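Take a look at the sequence and the model below. We will walk through them step by step.

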Amino acid sequence: MFDSLDIFQTATAMARHAGARQAIVAQNIANADTPGFQAQAIAPFSETYQSTGATQMRTTRSGHVSGSAIGVAQVELAAAGSEPAPNGNTVSLEEELLNSVAISREHDRALAVYRHAMTVLRTTLGRS
Amino acid sequence: MTDFSNAMSVAASGMKAQASRLRHVSENIANTDTPGYQRKVISFEEEVAQGMRSGAVVTGPMRLDQTELTRIYDPANPLADASGHYDGSNVNLLVEIADAREAQRSYEANLKMFDQVRQMSSALMDLLRN
């Protein structure tokens, strides 16, 4: 019963999304000096969330019944980055670092929401 | 969780690549005055494991810079030929220093990334604690 609470699902999806985005940023930074490397990015959670509607369950495969895998598995990589360097590399270190901090904060936010919902749940059950 | 461990190994591969670049730079700098020394350069490539791009970075094969060696005029040198010249190295200190700085900057970015991911994953672990 409790695992299908919307707030937990949304917070989980947000945290998972942040993890996936952070992995892409790590790849960009590792390849900051690789000739011809194209920077990649995943759209922020707020965008993917709005695109499917707030209450609608999201599934990644038609066989899935529950929407437990909201948001993240369907992420699309898009080319990102700035003006290419002479060697064709489009990674901007500053931009990526900024992104990584923003993503980290987003992840914290998701965990805070999760923890708070948990507290509310505990209080409801009469345990504190 | 796999995202986090992936991100960590990718950041580690970046640090490893930058460190080996820095090692080649220091070899070049150490050999600035070695007669006939050609500077070593390495290139970075995206890792492809089993036909899949893993996103990690690897260093390509080491190559020798084929730029012409500098001719140094020093008739007293035992290596000098009839005209009093001998071949020095083709290392340009300015280029090497710039390369070292760039490697350092990228290394720090990777380290920062590693730390960021580590913090995120330990925040996740904290959820279990209370």
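Which feature does UniProt place at residues 20-38 of chain A? The UniProt record, an unreviewed entry, gives "domain: Flagellar basal body rod protein N-terminal" there. UniProt positions follow the numbering used here, feature names are shortened, and annotations may be inferred rather than shown by experiment.

This is a predicted model: local features need pLDDT of at least 70, side-chain atom pairs count only at pLDDT 80 or more, and totals for chains, interfaces and linings use all residues. Residues are numbered from 1 along each chain as its sequence is written, chains are lettered from A and ligands numbered from 1 in the order in which they are written, and side-chain values use heavy atoms, without hydrogens and water.

Return to residues 20-38 of chain A. This stretch is 58% helix and 0% strand. Helices (H or I, at least four residues) and strands (E, at least two) are DSSP runs, numbered from the N terminus. The end C-alpha atoms of the stretch lie 18 Å apart.

Now see how the chains meet. Contact (heavy atoms within 4.5 Å) involves 30 residues of chain A and 31 residues of chain B. Together the two chains bury about 2400 Å², with 62% of it on carbon and sulfur atoms. Buried area is the accessible area (1.4 Å probe) that two parts lose on being put together, summed over both. M113(B), M120(B) and L127(B) supply 25% of what chain B buries against chain A, more than any other three residues.

Two helices take part. In helix 1 of chain A, the residues that meet helix 2 of chain B include Q22(A), V25(A) and I29(A). Their partners in helix 2 include M113(B) and M120(B).
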